[in-house]
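Here is a friendly first look at this protein chain. Take a moment with the sequence and the model before reading on.

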Amino acid sequence: MRRRASRRVLDSTEKGDRFGSAVALADLSGNGRAGLVFGAEGEDTGGGILLYTPVDDTGFGLARTVALRRSALGTLVGAHLGHTLSP
């Protein structure tokens with residue numbers, strides 16, 4: 001079965017992405033409200049990715065979801081970002 005990208009998703013689904021490999025609540029914006037952080041440890045051939053969906057006065061900001069990739073964070077190749085998340 002061929003998978004296709006969904007609207008409003010930052011990337012297409014590939015076999016082995018493991019979206020949701022870890023999920024946590026965290027206030028990465030510093031506004032005192034915990035947003036959702038999702039890991040996809042298999043994204044980018046095992047480099048992994050973190051997706052942060054903030055929460056503010058208006059609620060969940062799915063349109064404001066931020067992708068944090070290995071290259072932007074300076075982590076090693078094969079780091080498996082999103083394998084484990086801790087508050």
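Arginine 69 is partly exposed, because its relative accessible area of 26% falls between the 20% and 50% cut-offs. In this predicted model, the side chain of arginine 69 meets that of glutamate 43 in a salt bridge, with N to O at 3.8 Å. The two come from distant parts of the chain, 26 residues apart: glutamate 43 sits in helix H1, and arginine 69 in strand S6 (residues 66–69). Glutamate 43 is buried, at 4% relative accessibility. Salt bridges with shared partners also tie Glu43, Asp44 and Arg69 into one network.

A search of the whole structure turns up five salt bridges. The table lists some of them.

| Pair | N to O distance |
|---|---|
| Arginine 18 and glutamate 41 | 2.7 Å |
| Aspartate 56 and arginine 64 | 3.0 Å |
| Glutamate 43 and arginine 69 | 3.8 Å |

Arginine 18 is exposed at 51% relative accessible area, whereas glutamate 41 is buried at 7%. Aspartate 56 is partly exposed at 27%, and arginine 64 is partly exposed at 38%.

Now for a residue in strand S3 (residues 49–53): threonine 53. Is threonine 53 buried or exposed? With 4% relative accessibility, threonine 53 counts as buried. Its side chain makes a polar contact of 3.0 Å with the side chain of threonine 65. Beyond neighbours within four places in sequence, the contacts of threonine 53 include Gly35, Phe38 and Leu62.

Finally, a word on confidence. The protein chain averages a pLDDT of 80, and 85% of the residues score at least 70. Over residues 1–9, the pLDDT is below 50.

Notes: Residues are numbered from 1 along each chain as its sequence is written. Side-chain values use heavy atoms; hydrogens and water are left out. pLDDT is the predictor's confidence in each residue, from 0 to 100. Contact means heavy atoms within 4.5 Å. Helices (H or I, at least four residues) and strands (E, at least two) are DSSP runs, numbered from the N terminus. Buried means under 20% relative accessible area, exposed over 50%, partly exposed in between (1.4 Å probe, protein chains only). A polar contact is a pair of N or O atoms within 3.5 Å; within protein, one must be able to donate a hydrogen and the other to accept it, and residues adjacent in sequence count only if both atoms are side-chain atoms. A salt bridge is a side-chain nitrogen of Lys or Arg within 4 Å of a carboxyl oxygen of Asp or Glu.
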